[in-house]
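Keep the structure open as you read.

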Amino acid sequence: MNKHFPVSLFVFKRPSTTKVIFDLIANSGISKVYVFADGPRDSREKTETDKVKKVINSFISSNPSITVVAKYSHTNQGLQRSFTTGLNKLFQKEEAVIILEDDCLPSPDFFKFATAMLAKYADNDRIMSVAGTSVGSFGTNSYDFSRYQLCWGWATWRRAWLLYGPVMKELGSPRWRAVINRVTRYLHVREYWWMMLNLVRSGWLKTWDYQWTYTLFMHNGLAVIPGSNLVSNIGFDDVATNTKAKSNLSNMERQVLTWPLTHPKVIKDNENLSHTIEAKFYNNPIAILGMLRQYIYWRWSIYAHRH
């Protein structure tokens, strides 16, 4: 690689997959890794988080040529706080970063692709995120652009992360309504986003990624989406924080890219790509029912608390 960007790895209690990711990093040409290890909630989890620490220490001792900055939390911060606090601190030092969680297994091409995109679009403010996940190829290009970001293995720049809006101040405002009308033509998908973002803003759903999508929406940002799938999310299980139910999006096959890359000639939202992402992730019965279930639980919790 001519240009190097660091990797930021967020880990919790998956020692086996953490080791696999470290092995892939060791063979990728990456020269610097930031590791954020969240702490346990109980003694049973401490057994697993201690194993994760051993994996990290083993990687450090076995790879002296790779700079590793490890941050260990002795208490449980939770996914949302661990992630946002970690990235906020990291972007005080770095201009761009490749980001992974311990339930997202990258292909060897992921690091090479993310590095190439971070370098190529460093100065293009319209492009805010680089995905590792693919929903298929939409032409002869190696990648394309979408108004929807995908963050199962991704990358971004300081300039974009500084726009991150965790409070989502304009949710429900006239500007928000104009933005979501531009994003999707489907009324029920608009309602999906309205309800899900309110669940996040209320604190009922403790996550960080819906706010990142909101940020791209509000700034008319684009995400780079590869034509081949470069990351497999294995985190649809009981260990997960938010994705416990199995999905046809879990454990997707990791693929390779053809090099050199074929670049799109025009930087614009690929409507077919965005519609496919919308259909697979948001405009389907499973997503809608999941949202409604969470919304009902939230409203019931408010009612029960008052009575």
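Helices (H or I, at least four residues) and strands (E, at least two) are DSSP runs, numbered from the N terminus. The model is predicted: local features need pLDDT of at least 70, side-chain atom pairs count only at pLDDT 80 or more, and totals for chains, interfaces and linings use all residues. Residues are numbered from 1 along each chain as its sequence is written, and side-chain values use heavy atoms, with hydrogens and water left out.

Start at Asp102. This residue sits in the loop that links β4 (96–101) to β5 (104–106). Is Asp102 buried or exposed? Asp102 is buried, at a relative accessible area of 8%. Buried means under 20% relative accessible area, exposed over 50%, partly exposed in between (1.4 Å probe, protein chains only).

What surrounds Asp102? Leaving out residues up to four places away in sequence, Asp102 touches Leu9, Phe10, Val11, Phe12, Lys13, Arg14, Thr17, Thr18 and Ile21. Contact here means heavy atoms within 4.5 Å. The side chain of Asp102 also reaches the backbone nitrogen of Phe12, at 2.8 Å. A polar contact is a pair of N or O atoms within 3.5 Å; within protein, one must be able to donate a hydrogen and the other to accept it, and residues adjacent in sequence count only if both atoms are side-chain atoms.

Now step back to the sheet. Eight strands form an open sheet, ordered β3-β2-β1-β4-β8-β6-β9-β7, with mixed pairing. Two strands pair if DSSP finds at least two bridges between them. The edges are β3 (67–72) and β7 (143–146), each pairing on one side only.

Take the parallel pairs. β1 and β2 run parallel, joined by five bridges. Leu9 stands opposite Val35 in β2. From β1 the chain crosses through α1 to β2, and this β-α-β crossover is right-handed. That term applies if, with the strands pointing away from the viewer, the path from the first strand over the helix to the second runs clockwise. β2 and β3 are also parallel, over six bridges. Val33 faces Val68 in β3. The crossover from β2 through α2 to β3 is right-handed too. β2 is mostly covered, with five of its six residues buried.

Ala96 has Trp157 of β8 as its bridge partner. Helix α1 (residues 15–26) packs on the sheet and touches β1 (7–11), β2 (32–37) and β4.

How values were computed:
Axes fitted to C-alpha atoms, helices over the stretch in contact; angles between N-to-C directions.
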